[in-house]
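Subject: A structure to look at

Hi,

Here is the structure I promised to send over. Have a look at it first, and my notes follow below.

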Amino acid sequence: MTEHLTVGRVARMAGVSVRTLHHYDEIGLLRPVARTSAGHRAYSAGDVERLREVLAYRRLGFGLREIAALVDDPTSDAVAHLHRLRGLLLAQRDRATATIAAIDRELEARAMGISMTPEQHLRVSGAQLYESIGSAYPATRRTEPRIAARVWEALGDARTVLNVGAGTGSYEPVDRAVTAVEPSATMRTQRAVDAAPCVAASAENLPFADGAFDAALAFSTVHHWHDPIAGLREMRRVARRVVVFTHDASDTGWRQRFWLSRDYLPEVAGLVVGRPSVDELARAIGARIEPVLVPWDCADGFFEAYWRRPEAYLEEQVRRAVSVWTRVGPAAEQRAVRALRQDLSSGRWAERNRELTDLDAAELGLRLLVA
Ligand SMILES: C[S@@+](CC[C@H](N)C(=O)[O-])C[C@H]1O[C@@H](n2cnc3c(N)ncnc32)[C@H](O)[C@@H]1O
(Lines give C-alpha, C1' and ligand atoms only; values in the text may rest on other atoms or scores of the structure.)
Protein backbone atom coordinates (compact mmCIF):
# COMPACT_ATOMS: atom_id res chain seq x y z
CA MET A 1 0.00 0.00 0.00
CA THR A 2 1.35 3.49 -0.88
CA GLU A 3 2.38 5.65 2.03
CA HIS A 4 0.69 9.01 2.33
CA LEU A 5 1.98 12.01 4.26
CA THR A 6 -0.04 14.32 6.47
CA VAL A 7 -0.31 18.00 5.68
CA GLY A 8 1.76 18.87 8.77
CA ARG A 9 4.58 16.57 7.72
CA VAL A 10 4.63 17.87 4.15
CA ALA A 11 4.61 21.46 5.42
CA ARG A 12 7.59 20.75 7.70
CA MET A 13 9.51 18.94 4.97
CA ALA A 14 8.92 21.71 2.43
CA GLY A 15 9.43 24.59 4.85
CA VAL A 16 6.03 26.15 4.19
CA SER A 17 3.04 26.70 6.46
CA VAL A 18 0.07 24.37 6.66
CA ARG A 19 -2.02 27.38 5.66
CA THR A 20 -0.07 27.67 2.41
CA LEU A 21 -0.80 24.03 1.60
CA HIS A 22 -4.48 24.53 2.40
CA HIS A 23 -4.51 27.52 0.08
CA TYR A 24 -2.80 25.59 -2.73
CA ASP A 25 -5.46 22.91 -2.31
CA GLU A 26 -8.32 25.42 -2.34
CA ILE A 27 -7.14 27.05 -5.56
CA GLY A 28 -6.50 23.68 -7.21
CA LEU A 29 -2.74 24.17 -7.50
CA LEU A 30 -1.89 21.17 -5.33
CA ARG A 31 -4.78 18.84 -4.53
CA PRO A 32 -3.59 15.96 -2.32
CA VAL A 33 -4.40 12.66 -3.91
CA ALA A 34 -6.41 11.32 -0.96
CA ARG A 35 -8.07 12.00 2.37
CA THR A 36 -7.72 9.92 5.51
CA SER A 37 -10.81 8.27 6.95
CA ALA A 38 -10.99 11.24 9.34
CA GLY A 39 -11.07 13.59 6.32
CA HIS A 40 -7.48 14.93 6.65
CA ARG A 41 -5.40 15.67 3.58
CA ALA A 42 -3.05 12.83 2.57
CA TYR A 43 -0.18 13.61 0.17
CA SER A 44 1.40 11.03 -2.14
CA ALA A 45 5.00 11.05 -3.43
CA GLY A 46 3.64 12.52 -6.69
CA ASP A 47 1.98 15.36 -4.75
CA VAL A 48 5.27 16.11 -3.02
CA GLU A 49 7.05 16.13 -6.38
CA ARG A 50 4.51 18.62 -7.72
CA LEU A 51 4.93 20.76 -4.59
CA ARG A 52 8.68 20.83 -5.15
CA GLU A 53 8.12 22.18 -8.68
CA VAL A 54 5.54 24.71 -7.45
CA LEU A 55 7.90 26.05 -4.77
CA ALA A 56 10.85 26.21 -7.16
CA TYR A 57 8.83 28.31 -9.64
CA ARG A 58 7.54 30.41 -6.73
CA ARG A 59 11.10 31.20 -5.61
CA LEU A 60 11.84 32.34 -9.16
CA GLY A 61 9.07 34.91 -8.89
CA PHE A 62 6.26 33.24 -10.85
CA GLY A 63 2.66 33.98 -9.88
CA LEU A 64 0.43 31.13 -8.68
CA ARG A 65 -1.71 31.20 -11.82
CA GLU A 66 1.39 31.02 -14.04
CA ILE A 67 2.75 28.16 -11.95
CA ALA A 68 -0.49 26.24 -12.35
CA ALA A 69 -0.20 26.54 -16.13
CA LEU A 70 3.44 25.44 -16.01
CA VAL A 71 2.99 22.38 -13.80
CA ASP A 72 -0.18 21.33 -15.65
CA ASP A 73 1.49 21.64 -19.05
CA PRO A 74 0.87 18.18 -20.58
CA THR A 75 4.01 18.46 -22.75
CA SER A 76 6.33 18.80 -19.70
CA ASP A 77 7.27 15.82 -17.58
CA ALA A 78 9.39 15.94 -14.39
CA VAL A 79 12.63 15.87 -16.41
CA ALA A 80 11.47 18.77 -18.61
CA HIS A 81 10.61 20.75 -15.47
CA LEU A 82 14.03 20.08 -14.00
CA HIS A 83 15.73 21.24 -17.22
CA ARG A 84 13.59 24.38 -17.34
CA LEU A 85 14.20 25.15 -13.66
CA ARG A 86 17.91 24.54 -14.11
CA GLY A 87 18.04 27.02 -17.02
CA LEU A 88 16.09 29.63 -15.09
CA LEU A 89 18.29 29.20 -12.03
CA LEU A 90 21.48 29.51 -14.10
CA ALA A 91 20.17 32.77 -15.59
CA GLN A 92 19.30 33.97 -12.09
CA ARG A 93 22.74 32.96 -10.82
CA ASP A 94 24.40 34.92 -13.64
CA ARG A 95 22.37 37.99 -12.74
CA ALA A 96 23.26 37.52 -9.05
CA THR A 97 26.96 37.15 -9.92
CA ALA A 98 26.87 40.40 -11.89
CA THR A 99 25.09 42.18 -9.04
CA ILE A 100 27.58 40.85 -6.47
CA ALA A 101 30.46 42.09 -8.65
CA ALA A 102 28.83 45.54 -8.75
CA ILE A 103 28.36 45.54 -4.97
CA ASP A 104 31.99 44.48 -4.48
CA ARG A 105 33.13 47.36 -6.66
CA GLU A 106 31.03 49.79 -4.65
CA LEU A 107 32.30 48.38 -1.33
CA GLU A 108 35.87 48.74 -2.60
CA ALA A 109 35.20 52.32 -3.67
CA ARG A 110 33.62 53.14 -0.30
CA ALA A 111 36.52 51.50 1.61
CA MET A 112 38.89 53.76 -0.33
CA GLY A 113 36.79 56.76 0.62
CA ILE A 114 35.49 57.23 -2.92
CA SER A 115 31.77 57.90 -2.91
CA MET A 116 29.92 56.76 -6.01
CA THR A 117 27.09 58.90 -7.23
CA PRO A 118 23.88 57.13 -8.29
CA GLU A 119 24.79 58.06 -11.88
CA GLN A 120 28.18 56.38 -11.62
CA HIS A 121 26.57 53.35 -10.13
CA LEU A 122 24.03 53.09 -12.91
CA ARG A 123 26.47 53.97 -15.66
CA VAL A 124 27.92 50.50 -15.70
CA SER A 125 24.57 48.73 -15.62
CA GLY A 126 24.25 48.15 -19.39
CA ALA A 127 27.73 46.72 -19.52
CA GLN A 128 27.08 44.67 -16.40
CA LEU A 129 24.17 42.99 -18.10
CA TYR A 130 26.53 41.94 -20.86
CA GLU A 131 29.01 40.64 -18.30
CA SER A 132 26.38 38.05 -17.41
CA ILE A 133 24.57 37.42 -20.72
CA GLY A 134 27.43 38.21 -23.13
CA SER A 135 28.79 34.68 -23.39
CA ALA A 136 25.52 33.58 -25.08
CA TYR A 137 25.86 36.35 -27.68
CA PRO A 138 27.97 34.81 -30.47
CA ALA A 139 25.64 31.81 -30.90
CA THR A 140 23.15 33.81 -32.98
CA ARG A 141 24.51 37.36 -33.25
CA ARG A 142 26.51 38.03 -36.37
CA THR A 143 26.76 40.47 -39.28
CA GLU A 144 23.61 40.82 -41.36
CA PRO A 145 25.19 41.78 -44.73
CA ARG A 146 22.21 43.80 -46.06
CA ILE A 147 22.03 45.94 -42.95
CA ALA A 148 25.84 46.18 -42.76
CA ALA A 149 25.83 47.55 -46.33
CA ARG A 150 23.45 50.34 -45.26
CA VAL A 151 25.62 51.18 -42.25
CA TRP A 152 28.86 51.22 -44.21
CA GLU A 153 27.29 53.36 -46.92
CA ALA A 154 26.22 55.82 -44.22
CA LEU A 155 29.82 56.01 -42.99
CA GLY A 156 30.60 57.67 -46.35
CA ASP A 157 34.25 58.24 -47.11
CA ALA A 158 35.36 57.96 -43.46
CA ARG A 159 38.79 56.36 -43.18
CA THR A 160 38.93 56.20 -39.39
CA VAL A 161 35.90 54.83 -37.55
CA LEU A 162 35.15 54.56 -33.83
CA ASN A 163 32.73 51.70 -33.05
CA VAL A 164 31.04 52.45 -29.70
CA GLY A 165 29.42 49.58 -27.76
CA ALA A 166 31.22 47.39 -30.26
CA GLY A 167 30.52 44.01 -28.68
CA THR A 168 32.10 41.27 -30.76
CA GLY A 169 32.48 43.69 -33.69
CA SER A 170 29.75 42.41 -36.04
CA TYR A 171 29.39 45.70 -37.94
CA GLU A 172 33.00 46.84 -38.15
CA PRO A 173 34.02 47.56 -41.77
CA VAL A 174 37.21 45.72 -42.72
CA ASP A 175 38.39 48.29 -45.25
CA ARG A 176 38.79 51.20 -42.76
CA ALA A 177 40.86 51.83 -39.65
CA VAL A 178 38.50 50.91 -36.82
CA THR A 179 38.92 51.53 -33.09
CA ALA A 180 36.38 49.81 -30.86
CA VAL A 181 35.00 50.87 -27.47
CA GLU A 182 33.37 48.21 -25.30
CA PRO A 183 32.83 48.37 -21.50
CA SER A 184 32.06 44.66 -20.98
CA ALA A 185 35.09 42.40 -20.50
CA THR A 186 32.98 39.37 -21.46
CA MET A 187 32.25 40.97 -24.82
CA ARG A 188 35.82 42.20 -25.34
CA THR A 189 37.28 38.73 -24.82
CA GLN A 190 34.95 37.29 -27.46
CA ARG A 191 36.31 39.55 -30.19
CA ALA A 192 38.24 37.76 -32.95
CA VAL A 193 42.02 37.82 -32.56
CA ASP A 194 42.35 39.90 -35.72
CA ALA A 195 39.49 42.27 -34.79
CA ALA A 196 40.08 46.02 -34.45
CA PRO A 197 41.79 47.19 -31.24
CA CYS A 198 39.28 47.64 -28.44
CA VAL A 199 39.33 50.15 -25.58
CA ALA A 200 37.52 49.48 -22.29
CA ALA A 201 35.33 52.58 -21.93
CA SER A 202 31.73 53.76 -22.03
CA ALA A 203 29.95 55.91 -24.57
CA GLU A 204 29.21 58.61 -22.01
CA ASN A 205 32.89 59.24 -21.45
CA LEU A 206 34.95 58.55 -24.55
CA PRO A 207 38.70 58.75 -23.88
CA PHE A 208 39.52 60.49 -27.19
CA ALA A 209 40.31 64.03 -28.30
CA ASP A 210 37.77 66.20 -30.11
CA GLY A 211 37.53 65.24 -33.79
CA ALA A 212 39.83 62.24 -33.39
CA PHE A 213 37.86 60.12 -35.90
CA ASP A 214 36.24 60.61 -39.28
CA ALA A 215 33.13 58.76 -38.13
CA ALA A 216 31.65 57.18 -35.01
CA LEU A 217 29.28 54.20 -35.18
CA ALA A 218 26.92 52.77 -32.54
CA PHE A 219 25.05 49.63 -33.55
CA SER A 220 22.23 48.25 -31.41
CA THR A 221 23.71 49.59 -28.19
CA VAL A 222 22.27 53.07 -27.39
CA HIS A 223 19.32 51.55 -25.49
CA HIS A 224 21.80 50.06 -23.01
CA TRP A 225 23.52 53.32 -22.17
CA HIS A 226 22.89 54.98 -18.87
CA ASP A 227 22.69 58.37 -20.57
CA PRO A 228 22.09 57.96 -24.33
CA ILE A 229 22.05 61.70 -25.06
CA ALA A 230 25.39 62.22 -23.29
CA GLY A 231 26.83 59.24 -25.19
CA LEU A 232 25.65 60.57 -28.55
CA ARG A 233 27.10 64.01 -27.78
CA GLU A 234 30.39 62.31 -26.97
CA MET A 235 30.31 60.57 -30.37
CA ARG A 236 29.57 63.91 -32.00
CA ARG A 237 32.50 65.46 -30.13
CA VAL A 238 35.06 62.87 -31.25
CA ALA A 239 33.87 62.38 -34.85
CA ARG A 240 32.66 64.56 -37.70
CA ARG A 241 30.10 61.95 -38.83
CA VAL A 242 27.86 59.88 -36.56
CA VAL A 243 25.92 56.74 -37.56
CA VAL A 244 23.56 55.06 -35.11
CA PHE A 245 21.46 51.93 -35.62
CA THR A 246 18.64 51.85 -33.09
CA HIS A 247 14.89 51.45 -32.85
CA ASP A 248 11.93 53.76 -32.51
CA ALA A 249 10.85 52.77 -28.99
CA SER A 250 7.44 54.44 -29.21
CA ASP A 251 4.31 52.40 -28.76
CA THR A 252 3.09 52.72 -32.32
CA GLY A 253 6.54 52.79 -33.91
CA TRP A 254 7.87 49.62 -32.39
CA ARG A 255 6.00 47.82 -29.65
CA GLN A 256 2.65 47.59 -31.43
CA ARG A 257 4.24 46.88 -34.80
CA PHE A 258 5.83 43.60 -33.83
CA TRP A 259 3.57 40.66 -32.98
CA LEU A 260 6.03 39.38 -30.36
CA SER A 261 5.90 42.47 -28.16
CA ARG A 262 2.27 43.25 -29.05
CA ASP A 263 0.73 39.83 -28.45
CA TYR A 264 3.14 37.94 -26.20
CA LEU A 265 5.54 40.22 -24.37
CA PRO A 266 3.82 43.50 -23.41
CA GLU A 267 6.44 43.85 -20.64
CA VAL A 268 8.79 45.44 -23.18
CA ALA A 269 6.79 48.64 -22.62
CA GLY A 270 8.29 48.82 -19.12
CA LEU A 271 11.81 48.56 -20.52
CA VAL A 272 11.56 51.70 -22.59
CA VAL A 273 10.00 53.95 -19.95
CA GLY A 274 12.09 57.09 -19.46
CA ARG A 275 14.22 56.49 -22.53
CA PRO A 276 14.63 59.35 -25.01
CA SER A 277 12.53 58.97 -28.15
CA VAL A 278 14.21 58.32 -31.48
CA ASP A 279 13.45 61.95 -32.43
CA GLU A 280 15.22 63.20 -29.30
CA LEU A 281 18.22 60.99 -30.08
CA ALA A 282 18.33 62.33 -33.63
CA ARG A 283 17.97 65.94 -32.46
CA ALA A 284 20.88 65.54 -30.02
CA ILE A 285 23.26 65.01 -32.95
CA GLY A 286 21.34 66.73 -35.74
CA ALA A 287 20.74 63.43 -37.54
CA ARG A 288 18.34 62.41 -40.28
CA ILE A 289 16.34 59.25 -39.61
CA GLU A 290 16.12 56.42 -42.15
CA PRO A 291 13.96 53.31 -41.72
CA VAL A 292 15.75 49.96 -41.97
CA LEU A 293 13.62 46.98 -42.96
CA VAL A 294 14.39 43.58 -41.42
CA PRO A 295 14.88 40.86 -44.08
CA TRP A 296 12.81 37.71 -43.47
CA ASP A 297 16.00 35.64 -43.17
CA CYS A 298 17.98 38.21 -41.15
CA ALA A 299 21.35 36.68 -40.19
CA ASP A 300 21.81 38.71 -36.99
CA GLY A 301 19.56 37.28 -34.29
CA PHE A 302 18.43 40.52 -32.66
CA PHE A 303 15.00 40.79 -31.01
CA GLU A 304 12.99 41.44 -34.19
CA ALA A 305 15.10 39.21 -36.48
CA TYR A 306 12.79 36.18 -36.54
CA TRP A 307 9.53 37.99 -37.32
CA ARG A 308 8.72 35.47 -40.11
CA ARG A 309 10.32 32.49 -38.34
CA PRO A 310 8.37 32.50 -35.05
CA GLU A 311 9.52 29.00 -33.97
CA ALA A 312 13.00 30.47 -33.43
CA TYR A 313 11.78 32.29 -30.30
CA LEU A 314 11.04 28.93 -28.69
CA GLU A 315 14.78 28.23 -28.72
CA GLU A 316 16.65 29.05 -25.55
CA GLN A 317 19.87 30.03 -27.36
CA VAL A 318 17.99 32.53 -29.54
CA ARG A 319 16.49 34.22 -26.46
CA ARG A 320 19.69 34.19 -24.39
CA ALA A 321 21.50 36.27 -27.03
CA VAL A 322 18.91 39.09 -26.77
CA SER A 323 18.91 41.20 -23.61
CA VAL A 324 15.14 41.89 -23.73
CA TRP A 325 14.41 38.35 -22.55
CA THR A 326 16.67 38.68 -19.52
CA ARG A 327 15.37 42.13 -18.72
CA VAL A 328 11.69 41.12 -18.61
CA GLY A 329 12.52 38.33 -16.14
CA PRO A 330 11.93 34.58 -16.21
CA ALA A 331 8.21 34.63 -15.40
CA ALA A 332 7.27 36.87 -18.34
CA GLU A 333 9.67 35.00 -20.61
CA GLN A 334 8.22 31.59 -19.83
CA ARG A 335 4.66 32.85 -20.13
CA ALA A 336 5.36 34.40 -23.54
CA VAL A 337 7.11 31.30 -24.84
CA ARG A 338 4.35 29.03 -23.62
CA ALA A 339 1.64 31.16 -25.23
CA LEU A 340 3.59 31.36 -28.50
CA ARG A 341 4.16 27.60 -28.52
CA GLN A 342 0.43 27.02 -28.03
CA ASP A 343 -0.54 29.50 -30.75
CA LEU A 344 1.93 27.97 -33.19
CA SER A 345 0.59 24.49 -32.66
CA SER A 346 -3.07 25.57 -32.73
CA GLY A 347 -2.58 27.66 -35.88
CA ARG A 348 -3.64 30.85 -34.08
CA TRP A 349 -0.30 32.59 -34.75
CA ALA A 350 -0.54 31.80 -38.48
CA GLU A 351 -4.11 33.04 -38.56
CA ARG A 352 -3.28 36.31 -36.82
CA ASN A 353 -0.17 36.98 -38.88
CA ARG A 354 -1.29 35.79 -42.28
CA GLU A 355 -0.04 38.91 -44.06
CA LEU A 356 3.58 38.27 -43.00
CA THR A 357 4.10 35.14 -45.08
CA ASP A 358 4.16 37.18 -48.30
CA LEU A 359 6.67 39.75 -47.04
CA ASP A 360 10.40 39.55 -47.73
CA ALA A 361 11.27 42.40 -45.37
CA ALA A 362 9.35 44.06 -42.56
CA GLU A 363 9.23 47.57 -41.14
CA LEU A 364 9.51 46.98 -37.40
CA GLY A 365 10.69 50.39 -36.23
CA LEU A 366 14.43 49.90 -36.76
CA ARG A 367 16.17 53.15 -37.65
CA LEU A 368 19.47 54.46 -38.90
CA LEU A 369 20.38 57.92 -37.61
CA VAL A 370 22.94 59.67 -39.79
CA ALA A 371 24.56 62.95 -38.80
C1 LIG B 1 23.36 44.39 -28.25
S2 LIG B 1 25.07 44.57 -27.92
C3 LIG B 1 25.59 45.17 -29.51
C4 LIG B 1 27.02 44.89 -29.79
C5 LIG B 1 27.48 45.25 -31.20
N6 LIG B 1 27.36 46.67 -31.48
C7 LIG B 1 26.77 44.41 -32.22
O8 LIG B 1 25.92 44.94 -32.93
O9 LIG B 1 27.02 43.22 -32.31
C10 LIG B 1 25.16 46.00 -26.90
C11 LIG B 1 26.54 46.33 -26.42
O12 LIG B 1 26.52 47.62 -25.78
C13 LIG B 1 27.45 47.58 -24.72
N14 LIG B 1 27.20 48.67 -23.76
C15 LIG B 1 26.39 48.69 -22.67
N16 LIG B 1 26.45 49.86 -22.03
C17 LIG B 1 27.30 50.65 -22.74
C18 LIG B 1 27.78 51.98 -22.60
N19 LIG B 1 27.36 52.76 -21.61
N20 LIG B 1 28.66 52.45 -23.51
C21 LIG B 1 29.08 51.68 -24.54
N22 LIG B 1 28.65 50.39 -24.73
C23 LIG B 1 27.78 49.89 -23.85
C24 LIG B 1 27.25 46.19 -24.13
O25 LIG B 1 28.30 45.79 -23.30
C26 LIG B 1 27.10 45.36 -25.39
O27 LIG B 1 28.32 44.86 -25.86
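In which sense do β9 and β12 pair, and over how many bridges? They pair in the antiparallel sense, over 4 bridges. Here strands count as paired if DSSP finds at least two bridges between them; the strands (E, at least two residues) and helices (H or I, at least four) are DSSP runs, numbered from the N terminus.

Before the rest, a word on the source. This is a predicted model, in which local features need pLDDT of at least 70 and side-chain atom pairs count only at pLDDT 80 or more, while totals for chains, interfaces and linings use all residues. Residues are numbered from 1 along each chain as its sequence is written, and side-chain values use heavy atoms, with hydrogens and water left out.

**The sheet**

The two strands above belong to an open sheet of 7 strands with mixed pairing, in the order β6-β5-β4-β7-β8-β12-β9. Its edges are β6 (198-199) and β9 (288-291), each of which pairs on one side only.

β8 deserves a look of its own. Of its 9 residues, 7 are buried, so this strand is largely enclosed by the rest of the structure (buried is under 20% relative accessible area, exposed over 50% and partly exposed in between, with a 1.4 Å probe and protein chains only). β8 runs parallel to β7, with 6 bridges joining them, and Phe219 has Phe245 in β8 as its bridge partner. The chain gets from β7 to β8 through helix α10 (residues 228-238), in a right-handed β-α-β crossover (with the strands pointing away from the viewer, the path from the first strand over the helix to the second runs clockwise). β8 and β12 run antiparallel and are joined by 5 bridges; there, Val243 stands opposite Val370.

**The cores**

The largest nonpolar core has 50 residues, and Trp259, Leu265, Phe303, Tyr313 and Trp325 touch the most other members. Such a core is a set of buried Ala, Val, Leu, Ile, Met, Phe, Trp, Tyr and Cys residues joined through side-chain atoms within 4.5 Å. Among the elements that each supply at least two of its residues are α8 (145-154), β7 (213-219), β8 (239-247) and α17 (330-346). Beyond its neighbours within four places in sequence, Leu265 is in contact (heavy atoms within 4.5 Å) with residues including Phe303, Trp325 and Ala336. A second, separate core of 26 residues includes Val164, Met235, Val242 and Ala282.

α17 has 17 residues and reaches 24 Å from first to last C-alpha, close to the 24 Å expected at 1.5 Å a residue (that is, 1.5 Å times one less than the number of residues). Its buried residues include Glu333, Arg338 and Asp343, and the helix is followed by Gly347, whose phi is positive, near 90°.

Thr221, in the loop between β7 and α10, is buried at a relative accessible area of 7%. Not counting residues up to four places away in sequence, Thr221 touches Val164 and Gly165.

Best wishes
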